[in-house]
Amino acid sequence: MTDAMQSEAERAKAGQAGGGEAGQIVPVLLCGGSGTRLWPLSRRAYPKQFATLIGDESLFQASARRLSGQGFAPPLVITGADYRFIATEQLAATGIADGTVLIEPAGRNTAPAVLAAALWLAAGDPQALMLVAPSDHVIPDAPGFRAAVAAGLPVARAGGIVTFGIRPTGPETGYGWLELPPDALRHGAWPESDGAGALPLTRFVEKPDPARAGAMLAAGHYLWNAGIFLFTAATIIKAFEEHAPEVTAPVRAAVEGIARDLTFLRLAPEPWAAAPDISVDYAVMEKAANISVVPYTGHWSDLGGWDAVRREMGPDEKGVSLAGAASAIDCENTMLRSESEGVEVVGIGLRDILVVATSDAVLVADAARAQEVKQAIGVLRAKGARQAEEFPRDYRPWGWYETLALSDRFQVKRIVVKPGAALSLQSHVHRSEHWIVVAGTARVTVDDDVRLLTENQSVYIPLGAIHRLENPGKVPMVLIEVQTGAYLREDDIIRYQDDYARSSDSVKG
(Lines give C-alpha, C1' and ligand atoms only; values in the text may rest on other atoms or scores of the structure.)
Protein backbone atom coordinates (compact mmCIF):
# COMPACT_ATOMS: atom_id res chain seq x y z
CA MET A 1 0.00 0.00 0.00
CA THR A 2 1.38 3.40 -0.96
CA ASP A 3 1.68 6.27 1.52
CA ALA A 4 -1.18 8.04 -0.25
CA MET A 5 -3.48 5.06 0.01
CA GLN A 6 -2.53 4.34 3.61
CA SER A 7 -3.16 7.90 4.77
CA GLU A 8 -6.52 7.96 3.00
CA ALA A 9 -7.44 4.60 4.49
CA GLU A 10 -6.67 5.93 7.95
CA ARG A 11 -8.96 8.89 7.30
CA ALA A 12 -11.64 6.50 6.10
CA LYS A 13 -11.45 4.53 9.33
CA ALA A 14 -11.96 7.81 11.18
CA GLY A 15 -15.11 8.45 9.13
CA GLN A 16 -13.63 11.42 7.29
CA ALA A 17 -13.21 9.94 3.81
CA GLY A 18 -13.80 6.82 1.75
CA GLY A 19 -17.13 5.91 3.29
CA GLY A 20 -18.34 8.57 5.69
CA GLU A 21 -20.08 7.53 8.89
CA ALA A 22 -20.65 3.88 9.66
CA GLY A 23 -23.80 2.52 8.01
CA GLN A 24 -24.00 5.21 5.35
CA ILE A 25 -24.26 4.24 1.69
CA VAL A 26 -21.33 5.28 -0.47
CA PRO A 27 -22.52 6.25 -3.98
CA VAL A 28 -19.97 4.94 -6.48
CA LEU A 29 -20.55 6.98 -9.64
CA LEU A 30 -19.16 5.45 -12.82
CA CYS A 31 -18.14 8.39 -14.93
CA GLY A 32 -16.35 7.22 -18.06
CA GLY A 33 -17.58 6.44 -21.56
CA SER A 34 -17.01 7.82 -25.01
CA GLY A 35 -20.38 9.41 -25.73
CA THR A 36 -20.81 8.04 -29.24
CA ARG A 37 -24.59 7.57 -29.35
CA LEU A 38 -25.35 11.23 -28.58
CA TRP A 39 -22.90 12.80 -31.01
CA PRO A 40 -22.39 15.70 -31.74
CA LEU A 41 -23.29 17.02 -28.28
CA SER A 42 -21.53 14.12 -26.56
CA ARG A 43 -17.98 13.27 -27.66
CA ARG A 44 -14.93 11.56 -26.24
CA ALA A 45 -13.62 14.91 -25.01
CA TYR A 46 -16.92 15.70 -23.26
CA PRO A 47 -19.20 12.65 -22.87
CA LYS A 48 -22.91 12.80 -22.22
CA GLN A 49 -22.87 12.61 -18.41
CA PHE A 50 -21.41 16.14 -18.29
CA ALA A 51 -23.78 17.63 -20.85
CA THR A 52 -27.03 19.43 -20.01
CA LEU A 53 -29.45 17.25 -21.93
CA ILE A 54 -32.54 17.43 -19.73
CA GLY A 55 -33.28 20.24 -17.30
CA ASP A 56 -30.77 22.73 -15.94
CA GLU A 57 -27.97 20.45 -14.77
CA SER A 58 -25.87 17.67 -16.21
CA LEU A 59 -26.75 14.00 -15.85
CA PHE A 60 -23.71 13.60 -13.59
CA GLN A 61 -24.89 16.38 -11.31
CA ALA A 62 -28.41 14.96 -11.19
CA SER A 63 -27.03 11.53 -10.31
CA ALA A 64 -24.87 12.93 -7.52
CA ARG A 65 -27.76 14.97 -6.12
CA ARG A 66 -30.13 11.99 -6.26
CA LEU A 67 -27.73 9.90 -4.17
CA SER A 68 -27.00 12.47 -1.49
CA GLY A 69 -28.46 13.61 1.80
CA GLN A 70 -29.50 11.58 4.80
CA GLY A 71 -28.09 8.06 4.78
CA PHE A 72 -25.54 8.76 2.02
CA ALA A 73 -21.82 9.39 2.36
CA PRO A 74 -19.93 11.70 -0.02
CA PRO A 75 -19.63 10.03 -3.41
CA LEU A 76 -16.71 8.08 -4.83
CA VAL A 77 -16.36 9.10 -8.48
CA ILE A 78 -14.46 6.86 -10.88
CA THR A 79 -13.41 8.63 -14.05
CA GLY A 80 -10.57 9.18 -16.50
CA ALA A 81 -7.81 11.76 -16.23
CA ASP A 82 -9.35 13.88 -18.99
CA TYR A 83 -12.54 14.38 -16.97
CA ARG A 84 -11.18 14.83 -13.45
CA PHE A 85 -11.48 18.62 -13.31
CA ILE A 86 -14.89 18.62 -15.00
CA ALA A 87 -16.17 16.10 -12.46
CA THR A 88 -14.92 18.01 -9.43
CA GLU A 89 -16.18 21.35 -10.74
CA GLN A 90 -19.64 20.00 -11.53
CA LEU A 91 -19.79 18.20 -8.20
CA ALA A 92 -18.89 21.39 -6.34
CA ALA A 93 -21.66 23.23 -8.21
CA THR A 94 -24.22 20.86 -6.67
CA GLY A 95 -23.07 21.77 -3.16
CA ILE A 96 -21.89 18.21 -2.49
CA ALA A 97 -18.55 18.42 -0.70
CA ASP A 98 -15.79 15.97 0.15
CA GLY A 99 -16.30 13.57 -2.74
CA THR A 100 -13.34 11.40 -3.72
CA VAL A 101 -12.22 11.09 -7.36
CA LEU A 102 -10.44 7.89 -8.34
CA ILE A 103 -8.70 8.18 -11.72
CA GLU A 104 -8.54 5.26 -14.14
CA PRO A 105 -5.33 5.32 -16.22
CA ALA A 106 -7.34 3.85 -19.12
CA GLY A 107 -10.89 2.66 -19.73
CA ARG A 108 -11.33 -0.98 -18.72
CA ASN A 109 -15.13 -1.28 -18.59
CA THR A 110 -17.14 -1.58 -15.39
CA ALA A 111 -15.69 -4.69 -13.71
CA PRO A 112 -12.22 -3.27 -12.90
CA ALA A 113 -13.78 0.06 -11.91
CA VAL A 114 -16.21 -1.53 -9.46
CA LEU A 115 -13.53 -3.74 -7.93
CA ALA A 116 -11.12 -0.81 -7.55
CA ALA A 117 -13.79 1.13 -5.68
CA ALA A 118 -14.50 -1.85 -3.42
CA LEU A 119 -10.83 -2.44 -2.60
CA TRP A 120 -10.35 1.25 -1.91
CA LEU A 121 -13.32 1.41 0.46
CA ALA A 122 -12.46 -1.90 2.12
CA ALA A 123 -9.12 -0.44 3.22
CA GLY A 124 -11.14 1.74 5.58
CA ASP A 125 -14.18 -0.45 6.21
CA PRO A 126 -14.72 -3.89 4.64
CA GLN A 127 -18.45 -3.61 5.39
CA ALA A 128 -18.84 -0.27 3.63
CA LEU A 129 -22.13 -0.22 1.71
CA MET A 130 -21.64 0.58 -1.98
CA LEU A 131 -24.32 1.76 -4.39
CA VAL A 132 -22.75 1.47 -7.83
CA ALA A 133 -24.54 3.53 -10.47
CA PRO A 134 -23.83 4.94 -13.93
CA SER A 135 -23.76 8.73 -13.86
CA ASP A 136 -25.70 9.23 -17.11
CA HIS A 137 -29.18 7.93 -16.27
CA VAL A 138 -32.40 9.90 -15.87
CA ILE A 139 -34.44 9.09 -12.73
CA PRO A 140 -36.71 12.06 -11.98
CA ASP A 141 -38.30 10.60 -8.82
CA ALA A 142 -35.33 10.76 -6.47
CA PRO A 143 -37.34 9.95 -3.29
CA GLY A 144 -38.91 6.95 -5.02
CA PHE A 145 -35.55 5.63 -6.10
CA ARG A 146 -34.09 6.12 -2.63
CA ALA A 147 -37.03 4.08 -1.29
CA ALA A 148 -36.07 1.28 -3.67
CA VAL A 149 -32.49 1.46 -2.43
CA ALA A 150 -33.68 1.27 1.18
CA ALA A 151 -35.67 -1.85 0.31
CA GLY A 152 -32.46 -3.57 -0.75
CA LEU A 153 -30.42 -2.64 2.32
CA PRO A 154 -31.31 -5.69 4.48
CA VAL A 155 -30.16 -8.04 1.73
CA ALA A 156 -26.94 -6.11 1.12
CA ARG A 157 -26.10 -5.90 4.82
CA ALA A 158 -26.62 -9.66 5.10
CA GLY A 159 -24.00 -10.32 2.41
CA GLY A 160 -26.16 -10.41 -0.70
CA ILE A 161 -25.87 -8.57 -3.99
CA VAL A 162 -28.82 -6.39 -4.95
CA THR A 163 -29.57 -5.15 -8.44
CA PHE A 164 -32.41 -2.90 -9.54
CA GLY A 165 -34.89 -3.83 -12.25
CA ILE A 166 -36.94 -1.33 -14.20
CA ARG A 167 -40.58 -1.99 -15.02
CA PRO A 168 -40.53 -2.43 -18.82
CA THR A 169 -42.78 -0.20 -20.89
CA GLY A 170 -42.06 -1.80 -24.24
CA PRO A 171 -40.14 -4.56 -26.07
CA GLU A 172 -36.80 -2.78 -25.71
CA THR A 173 -33.90 -4.41 -27.58
CA GLY A 174 -31.25 -1.96 -26.40
CA TYR A 175 -31.26 -3.13 -22.76
CA GLY A 176 -30.33 -6.32 -20.99
CA TRP A 177 -33.22 -7.92 -19.09
CA LEU A 178 -33.64 -9.64 -15.72
CA GLU A 179 -35.71 -12.81 -15.39
CA LEU A 180 -37.60 -13.40 -12.15
CA PRO A 181 -39.54 -16.52 -11.15
CA PRO A 182 -42.87 -16.67 -13.07
CA ASP A 183 -44.93 -15.84 -9.98
CA ALA A 184 -42.60 -13.20 -8.53
CA LEU A 185 -44.68 -10.28 -9.81
CA ARG A 186 -47.95 -12.18 -10.13
CA HIS A 187 -47.80 -11.64 -13.89
CA GLY A 188 -47.44 -7.90 -13.81
CA ALA A 189 -49.12 -7.15 -10.47
CA TRP A 190 -46.45 -4.76 -9.25
CA PRO A 191 -45.87 -3.73 -5.65
CA GLU A 192 -47.72 -0.58 -4.71
CA SER A 193 -44.47 1.13 -3.74
CA ASP A 194 -40.78 0.81 -4.47
CA GLY A 195 -40.13 -0.11 -0.87
CA ALA A 196 -41.74 -3.54 -1.20
CA GLY A 197 -38.49 -5.49 -0.92
CA ALA A 198 -36.11 -7.62 -2.94
CA LEU A 199 -37.10 -10.57 -5.14
CA PRO A 200 -35.03 -13.56 -6.25
CA LEU A 201 -33.23 -13.33 -9.60
CA THR A 202 -33.45 -16.26 -11.97
CA ARG A 203 -30.93 -15.04 -14.54
CA PHE A 204 -29.58 -12.16 -16.61
CA VAL A 205 -30.78 -12.03 -20.21
CA GLU A 206 -28.63 -10.52 -22.98
CA LYS A 207 -30.02 -7.76 -25.19
CA PRO A 208 -32.79 -9.59 -27.09
CA ASP A 209 -34.05 -9.46 -30.66
CA PRO A 210 -37.49 -7.86 -31.14
CA ALA A 211 -39.40 -11.16 -30.99
CA ARG A 212 -37.72 -12.22 -27.76
CA ALA A 213 -38.23 -8.78 -26.23
CA GLY A 214 -41.94 -8.92 -27.07
CA ALA A 215 -42.27 -12.36 -25.52
CA MET A 216 -40.57 -11.24 -22.29
CA LEU A 217 -42.75 -8.17 -22.06
CA ALA A 218 -45.88 -10.30 -22.47
CA ALA A 219 -44.68 -12.86 -19.91
CA GLY A 220 -44.75 -10.23 -17.17
CA HIS A 221 -41.90 -11.51 -14.99
CA TYR A 222 -38.99 -9.78 -16.72
CA LEU A 223 -37.45 -6.39 -15.91
CA TRP A 224 -35.01 -4.12 -17.67
CA ASN A 225 -31.50 -4.28 -16.23
CA ALA A 226 -30.57 -0.80 -14.97
CA GLY A 227 -26.95 -1.72 -14.22
CA ILE A 228 -27.24 -0.37 -10.66
CA PHE A 229 -25.98 -2.52 -7.76
CA LEU A 230 -25.93 -2.45 -3.97
CA PHE A 231 -23.57 -4.56 -1.81
CA THR A 232 -20.83 -4.29 0.77
CA ALA A 233 -17.22 -3.94 -0.27
CA ALA A 234 -16.38 -7.33 1.27
CA THR A 235 -19.23 -9.05 -0.60
CA ILE A 236 -18.22 -7.87 -4.05
CA ILE A 237 -14.51 -8.47 -3.43
CA LYS A 238 -15.31 -12.07 -2.47
CA ALA A 239 -17.44 -12.43 -5.61
CA PHE A 240 -14.57 -11.24 -7.80
CA GLU A 241 -12.13 -13.58 -6.08
CA GLU A 242 -14.48 -16.50 -6.73
CA HIS A 243 -15.71 -15.70 -10.24
CA ALA A 244 -13.13 -13.36 -11.82
CA PRO A 245 -9.66 -13.89 -10.33
CA GLU A 246 -8.14 -12.65 -13.59
CA VAL A 247 -9.59 -9.22 -12.73
CA THR A 248 -8.72 -9.31 -9.06
CA ALA A 249 -4.92 -9.55 -9.21
CA PRO A 250 -4.13 -6.59 -11.50
CA VAL A 251 -6.79 -4.34 -9.96
CA ARG A 252 -5.57 -5.09 -6.45
CA ALA A 253 -2.04 -4.15 -7.53
CA ALA A 254 -3.35 -0.95 -9.15
CA VAL A 255 -5.12 0.03 -5.92
CA GLU A 256 -2.09 -0.77 -3.79
CA GLY A 257 -0.06 1.50 -6.05
CA ILE A 258 -2.43 4.48 -5.81
CA ALA A 259 -0.67 7.85 -5.97
CA ARG A 260 -2.03 11.25 -4.98
CA ASP A 261 -2.39 13.93 -7.66
CA LEU A 262 -3.59 17.16 -6.05
CA THR A 263 -6.99 16.15 -4.62
CA PHE A 264 -7.26 13.12 -6.92
CA LEU A 265 -6.14 9.53 -6.49
CA ARG A 266 -4.53 7.82 -9.49
CA LEU A 267 -4.60 4.06 -9.85
CA ALA A 268 -1.21 2.63 -10.76
CA PRO A 269 -1.10 2.50 -14.58
CA GLU A 270 1.10 -0.56 -15.18
CA PRO A 271 -0.97 -3.16 -13.31
CA TRP A 272 -4.19 -1.46 -14.45
CA ALA A 273 -3.16 -2.02 -18.07
CA ALA A 274 -3.15 -5.77 -17.37
CA ALA A 275 -6.77 -5.77 -16.17
CA PRO A 276 -9.21 -7.30 -18.69
CA ASP A 277 -11.71 -5.04 -20.44
CA ILE A 278 -14.92 -6.61 -19.15
CA SER A 279 -18.24 -5.53 -17.67
CA VAL A 280 -19.21 -6.36 -14.11
CA ASP A 281 -22.23 -8.26 -15.47
CA TYR A 282 -20.05 -10.66 -17.46
CA ALA A 283 -17.30 -10.91 -14.85
CA VAL A 284 -19.41 -11.50 -11.75
CA MET A 285 -23.14 -10.90 -11.83
CA GLU A 286 -24.08 -13.58 -14.36
CA LYS A 287 -22.16 -16.15 -12.29
CA ALA A 288 -23.08 -15.21 -8.72
CA ALA A 289 -25.86 -17.03 -6.90
CA ASN A 290 -26.57 -14.52 -4.12
CA ILE A 291 -28.31 -11.87 -6.24
CA SER A 292 -31.70 -10.33 -5.55
CA VAL A 293 -33.69 -7.75 -7.51
CA VAL A 294 -35.56 -4.72 -6.23
CA PRO A 295 -38.18 -3.66 -8.81
CA TYR A 296 -38.33 0.06 -9.48
CA THR A 297 -41.65 1.21 -10.91
CA GLY A 298 -40.76 4.87 -11.43
CA HIS A 299 -39.55 6.51 -14.60
CA TRP A 300 -36.03 5.65 -15.77
CA SER A 301 -33.99 6.16 -18.92
CA ASP A 302 -30.35 5.64 -19.80
CA LEU A 303 -30.66 8.20 -22.63
CA GLY A 304 -29.16 5.65 -24.97
CA GLY A 305 -29.87 7.66 -28.11
CA TRP A 306 -31.38 10.86 -29.44
CA ASP A 307 -34.76 9.15 -29.72
CA ALA A 308 -34.71 8.67 -25.94
CA VAL A 309 -33.69 12.30 -25.43
CA ARG A 310 -36.60 13.42 -27.60
CA ARG A 311 -39.03 11.51 -25.39
CA GLU A 312 -37.52 12.97 -22.22
CA MET A 313 -37.80 16.51 -23.59
CA GLY A 314 -41.59 16.27 -23.51
CA PRO A 315 -42.87 16.42 -27.08
CA ASP A 316 -45.92 18.54 -27.89
CA GLU A 317 -49.19 17.15 -29.26
CA LYS A 318 -47.53 16.59 -32.65
CA GLY A 319 -44.55 14.80 -31.16
CA VAL A 320 -42.22 17.76 -31.72
CA SER A 321 -39.43 18.51 -29.22
CA LEU A 322 -37.48 21.77 -29.40
CA ALA A 323 -34.40 23.02 -27.54
CA GLY A 324 -32.38 26.19 -27.92
CA ALA A 325 -32.81 28.41 -30.97
CA ALA A 326 -35.06 25.95 -32.82
CA SER A 327 -38.34 26.40 -34.71
CA ALA A 328 -40.63 23.80 -36.29
CA ILE A 329 -43.07 24.44 -39.15
CA ASP A 330 -45.52 21.65 -39.98
CA CYS A 331 -43.34 18.95 -38.36
CA GLU A 332 -44.33 15.70 -36.62
CA ASN A 333 -42.46 13.30 -34.31
CA THR A 334 -39.33 15.38 -34.75
CA MET A 335 -36.64 16.79 -32.48
CA LEU A 336 -34.81 20.03 -33.28
CA ARG A 337 -31.97 21.12 -30.95
CA SER A 338 -29.59 24.04 -31.29
CA GLU A 339 -26.67 23.78 -28.87
CA SER A 340 -25.08 27.04 -30.02
CA GLU A 341 -26.39 30.55 -29.36
CA GLY A 342 -25.48 31.68 -32.85
CA VAL A 343 -27.10 28.80 -34.75
CA GLU A 344 -30.80 28.90 -35.61
CA VAL A 345 -32.33 25.52 -36.51
CA VAL A 346 -35.54 25.54 -38.55
CA GLY A 347 -37.41 22.44 -39.66
CA ILE A 348 -40.11 22.51 -42.34
CA GLY A 349 -42.37 19.55 -43.08
CA LEU A 350 -40.20 17.05 -41.24
CA ARG A 351 -41.49 13.64 -40.13
CA ASP A 352 -39.61 11.34 -37.73
CA ILE A 353 -36.38 13.31 -37.94
CA LEU A 354 -33.71 14.11 -35.34
CA VAL A 355 -31.65 17.29 -35.79
CA VAL A 356 -28.87 18.40 -33.43
CA ALA A 357 -26.71 21.42 -34.29
CA THR A 358 -23.59 22.55 -32.43
CA SER A 359 -21.20 25.31 -33.43
CA ASP A 360 -19.06 22.90 -35.47
CA ALA A 361 -21.30 19.98 -36.49
CA VAL A 362 -24.89 19.13 -37.46
CA LEU A 363 -26.59 15.75 -37.15
CA VAL A 364 -29.67 14.92 -39.23
CA ALA A 365 -31.00 11.40 -38.71
CA ASP A 366 -34.06 9.24 -39.20
CA ALA A 367 -35.55 8.78 -35.73
CA ALA A 368 -35.87 5.03 -36.33
CA ARG A 369 -32.10 4.81 -36.82
CA ALA A 370 -31.03 6.74 -33.72
CA GLN A 371 -28.84 3.84 -32.52
CA GLU A 372 -26.74 4.15 -35.68
CA VAL A 373 -25.51 7.65 -34.80
CA LYS A 374 -22.33 6.15 -33.35
CA GLN A 375 -21.36 5.11 -36.88
CA ALA A 376 -20.75 8.78 -37.61
CA ILE A 377 -17.68 8.64 -35.36
CA GLY A 378 -16.00 6.04 -37.57
CA VAL A 379 -16.80 7.99 -40.73
CA LEU A 380 -15.40 11.22 -39.29
CA ARG A 381 -12.28 9.52 -37.94
CA ALA A 382 -11.59 8.01 -41.36
CA LYS A 383 -11.57 11.46 -42.94
CA GLY A 384 -9.53 13.01 -40.13
CA ALA A 385 -12.28 15.32 -38.90
CA ARG A 386 -11.60 16.68 -35.42
CA GLN A 387 -15.35 16.70 -34.74
CA ALA A 388 -15.17 12.93 -34.29
CA GLU A 389 -13.84 13.31 -30.76
CA GLU A 390 -12.94 16.92 -29.99
CA PHE A 391 -15.52 19.32 -28.60
CA PRO A 392 -15.73 23.02 -29.59
CA ARG A 393 -15.52 24.08 -25.95
CA ASP A 394 -12.56 22.61 -24.08
CA TYR A 395 -12.91 22.58 -20.27
CA ARG A 396 -9.83 23.00 -18.11
CA PRO A 397 -9.24 23.40 -14.35
CA TRP A 398 -8.78 27.15 -14.81
CA GLY A 399 -11.87 27.63 -17.01
CA TRP A 400 -12.51 26.89 -20.67
CA TYR A 401 -11.73 27.92 -24.24
CA GLU A 402 -13.32 27.48 -27.64
CA THR A 403 -12.14 27.93 -31.20
CA LEU A 404 -13.93 30.72 -33.10
CA ALA A 405 -11.96 30.48 -36.35
CA LEU A 406 -9.31 28.09 -37.65
CA SER A 407 -7.20 28.17 -40.81
CA ASP A 408 -3.80 26.83 -41.92
CA ARG A 409 -1.70 29.50 -40.23
CA PHE A 410 -4.00 31.21 -37.74
CA GLN A 411 -6.54 30.34 -35.05
CA VAL A 412 -8.86 32.59 -33.03
CA LYS A 413 -10.05 31.49 -29.58
CA ARG A 414 -12.20 32.78 -26.78
CA ILE A 415 -10.64 32.03 -23.40
CA VAL A 416 -12.50 32.30 -20.08
CA VAL A 417 -10.46 32.14 -16.86
CA LYS A 418 -12.16 31.64 -13.50
CA PRO A 419 -11.54 34.14 -10.66
CA GLY A 420 -8.23 33.41 -8.95
CA ALA A 421 -7.20 30.83 -11.56
CA ALA A 422 -4.07 30.76 -13.70
CA LEU A 423 -2.82 28.99 -16.79
CA SER A 424 0.58 27.32 -16.62
CA LEU A 425 3.86 29.16 -17.15
CA GLN A 426 4.69 28.03 -20.68
CA SER A 427 6.19 28.69 -24.07
CA HIS A 428 5.55 27.62 -27.67
CA VAL A 429 7.95 26.50 -30.36
CA HIS A 430 5.85 27.08 -33.47
CA ARG A 431 3.44 29.94 -32.78
CA SER A 432 3.08 33.46 -31.44
CA GLU A 433 -0.06 34.85 -29.80
CA HIS A 434 -1.99 38.11 -29.43
CA TRP A 435 -4.24 38.50 -26.37
CA ILE A 436 -7.09 41.03 -26.20
CA VAL A 437 -8.98 41.33 -22.91
CA VAL A 438 -12.72 41.83 -23.46
CA ALA A 439 -13.99 41.36 -19.87
CA GLY A 440 -12.40 41.41 -16.45
CA THR A 441 -8.74 41.88 -15.57
CA ALA A 442 -5.75 39.79 -16.64
CA ARG A 443 -2.31 39.54 -15.06
CA VAL A 444 0.06 38.73 -17.91
CA THR A 445 3.64 37.49 -17.64
CA VAL A 446 5.88 37.69 -20.75
CA ASP A 447 9.43 36.69 -19.89
CA ASP A 448 10.46 39.17 -17.16
CA ASP A 449 7.59 41.60 -17.76
CA VAL A 450 4.47 41.32 -15.56
CA ARG A 451 1.55 43.66 -16.20
CA LEU A 452 -2.20 44.06 -15.61
CA LEU A 453 -4.53 44.37 -18.59
CA THR A 454 -8.16 45.49 -18.45
CA GLU A 455 -10.92 45.60 -21.05
CA ASN A 456 -9.84 46.59 -24.58
CA GLN A 457 -6.14 46.27 -23.76
CA SER A 458 -3.90 43.78 -25.53
CA VAL A 459 -0.47 42.15 -25.45
CA TYR A 460 1.74 40.31 -27.95
CA ILE A 461 3.41 36.99 -27.00
CA PRO A 462 6.41 36.37 -29.30
CA LEU A 463 7.29 32.87 -30.41
CA GLY A 464 9.40 31.22 -27.70
CA ALA A 465 8.54 33.73 -24.96
CA ILE A 466 7.84 32.28 -21.52
CA HIS A 467 4.41 33.54 -20.58
CA ARG A 468 1.48 33.11 -18.26
CA LEU A 469 -2.13 34.29 -17.98
CA GLU A 470 -3.86 34.80 -14.60
CA ASN A 471 -7.16 36.19 -13.38
CA PRO A 472 -6.56 38.17 -10.16
CA GLY A 473 -10.11 39.47 -10.06
CA LYS A 474 -13.39 38.28 -8.57
CA VAL A 475 -15.29 37.84 -11.85
CA PRO A 476 -14.50 35.64 -14.87
CA MET A 477 -11.91 37.11 -17.22
CA VAL A 478 -12.55 36.79 -20.96
CA LEU A 479 -10.03 37.35 -23.71
CA ILE A 480 -9.67 36.75 -27.43
CA GLU A 481 -6.50 34.92 -28.44
CA VAL A 482 -5.16 35.07 -31.99
CA GLN A 483 -2.52 32.44 -32.75
CA THR A 484 -0.28 32.67 -35.82
CA GLY A 485 2.32 30.18 -36.94
CA ALA A 486 3.15 27.06 -38.91
CA TYR A 487 1.76 24.62 -36.31
CA LEU A 488 -1.26 25.38 -34.11
CA ARG A 489 -2.05 22.11 -32.35
CA GLU A 490 -2.28 22.02 -28.55
CA ASP A 491 0.77 19.79 -28.14
CA ASP A 492 3.02 22.75 -29.01
CA ILE A 493 3.59 23.61 -25.37
CA ILE A 494 6.53 23.53 -22.96
CA ARG A 495 5.25 23.79 -19.41
CA TYR A 496 7.57 25.20 -16.70
CA GLN A 497 5.20 25.67 -13.78
CA ASP A 498 1.61 24.59 -13.24
CA ASP A 499 -0.84 24.99 -10.36
CA TYR A 500 -2.60 21.76 -11.37
CA ALA A 501 0.43 19.42 -11.46
CA ARG A 502 0.12 18.73 -15.18
CA SER A 503 3.05 17.78 -17.37
CA SER A 504 3.99 19.17 -20.79
CA ASP A 505 1.34 17.20 -22.63
CA SER A 506 -1.37 18.02 -25.12
CA VAL A 507 -3.38 20.06 -22.63
CA LYS A 508 -3.91 23.73 -23.35
CA GLY A 509 -2.84 26.18 -20.65
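Start by selecting strand 13 (residues 321-323) together with strand 15: the two pair in the parallel sense over three bridges. Two strands count as paired if DSSP finds at least two bridges between them, and strands (E, at least two residues) and helices (H or I, at least four) are DSSP runs numbered from the N terminus. Before you go further, note that this is a predicted model, in which local features need pLDDT of at least 70 and side-chain atom pairs count only at pLDDT 80 or more, while totals for chains, interfaces and linings use all residues. Residues are numbered from 1 along each chain as its sequence is written, and side-chain values use heavy atoms, with hydrogens and water left out.

**Stop 1: around strand 15**

Zoom in on A323 and you will find R337 of strand 15 opposite. Now show the side chains of strand 15 (residues 335-338). Are its faces covered or open? Both are covered: M335 and R337 on one side, and L336 and S338 on the other, are all buried, where buried means under 20% relative accessible area, exposed over 50% and partly exposed in between (1.4 Å probe, protein chains only). In a regular strand the side chains alternate between the two faces of the sheet.

**Stop 2**

Move on to the open sheet with the strand order 19-20-21-28-23-26 and antiparallel pairing. Strand 19 (393-396) and strand 26 (458-461) are its edges; each has a single partner strand, so one side of each is left without a neighbour in the sheet. On average, neighbouring strands here are turned by 20° against each other, direction ignored; the axes are lines fitted to C-alpha atoms, for helices over the stretch in contact, and angles run from 0 to 180 degrees between N-to-C directions. Select strand 23 (residues 431-439) to see the four bridges that join it to strand 26 in antiparallel fashion. Within strand 26, Y460 stands opposite H434.

**Stop 3: salt bridges**

How many salt bridges does a search of the whole structure find? There are 24, each a side-chain nitrogen of Lys or Arg within 4 Å of a carboxyl oxygen of Asp or Glu. Pick R414 and E402, whose side chains meet at 2.2 Å, N to O. R414 lies in strand 21 (residues 410-417) and E402 in strand 20 (residues 399-406), so this pair ties together parts that are twelve residues apart in sequence. R414 is partly exposed at 31% relative accessible area, whereas E402 counts as buried at 10%.

Then try E433 and R431, with their closest N and O atoms 2.9 Å apart; both residues are buried. R443 and E470 form another salt bridge, at 3.6 Å, linking strand 24 (residues 442-446) to strand 27 (residues 467-470) across 27 residues. For a network of salt bridges, select R44, D82, R381 and E389.

**Stop 4: aromatic rings**

The whole structure holds 13 aromatic pairs, meaning rings of Phe, Tyr and Trp (its six-membered ring) with centres within 6.5 Å; planes under 30 degrees apart count as stacked, over 60 as edge-to-face and the rest as tilted. The centres of F50 and Y83 are 5.8 Å apart with planes at 55°, so this pair is tilted. F50 and Y83 are both buried.

Finish at W400, where the charged end of R393 sits over the ring, 3.6 Å from its centre (the criterion is NZ of Lys or CZ of Arg within 6 Å of the ring centre and within 35 degrees of the ring normal).
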